[in-house]
Amino acid sequence: MAHYNFIFLATLLLALITNFMSSSADTATFYTPPYNPAACGFEVKGVMIAAGSHEIFDDGRACGHLFKVKCIAGTNNGVPHPCRGSGTVVVKLVDLCPSGCQGTIDLSQEAFAKTADPDAGKIEVSIESL
């Protein structure tokens, strides 16, 4: 019986690793003022803000949470090395990314410019909830 449990666990682990390796990278885009955080329902203070995809927004449970976003690479040939400085910015989630959003997280223009060249338009990022 222990042998079958080991085979089951090994198969499960292999499936999880395969799924993790095949998943696409997170991406960030940006939006411009005015910043109207309709989905979270509170007044925005500052410009280091973001709108999250449905995945991040989590039915509103992520409203007000801080996220560390780090630029990893560009997604197009126009700006091959878009990351700036440390490539990292901390933003507060204030809205849900609108329908048709092209990124996992939609940063304010100012937050995007702190982490990457805005001419890139879209970048690969790592996102960490703080």
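## Ground rules

Residues are numbered from 1 along each chain as its sequence is written, and side-chain values use heavy atoms, with hydrogens and water left out. Because the model is predicted, local features need pLDDT of at least 70 and side-chain atom pairs count only at pLDDT 80 or more, while totals for chains, interfaces and linings use all residues.

## Strands around β4

Let's start with β4, which covers residues 88-96 and pairs with β2 (residues 49-52) in the parallel sense over four bridges. Strands here are DSSP runs of E with at least two residues, helices are runs of H or I with at least four, and both are numbered from the N terminus. Two strands pair if DSSP finds at least two bridges between them. Ala51 has Asp95 of β4 as its bridge partner.

With β3 (residues 66-74), β4 pairs in the antiparallel sense over five bridges. Here Leu66 stands opposite Lys92.

## Thr27 in β1

Is Thr27 buried or exposed? Thr27, found in strand β1 (residues 26-31), has a relative accessible area of 13% and is therefore buried (under 20%; exposed is over 50%, partly exposed in between, with a 1.4 Å probe and protein chains only). Beyond four places in sequence, its contacts (heavy atoms within 4.5 Å) include Thr75, Ile105 and Ile123.

## Nonpolar cores

A nonpolar core joins buried Ala, Val, Leu, Ile, Met, Phe, Trp, Tyr and Cys residues through side-chain atoms within 4.5 Å. The largest has 21 residues, and Val69, Val91, Ile105, Leu107 and Ile123 have the most contacts inside it. Elements supplying at least two residues each include β3, β4 and α3 (109-115). Apart from this core lies another of seven residues, among them Tyr35 and Val94.
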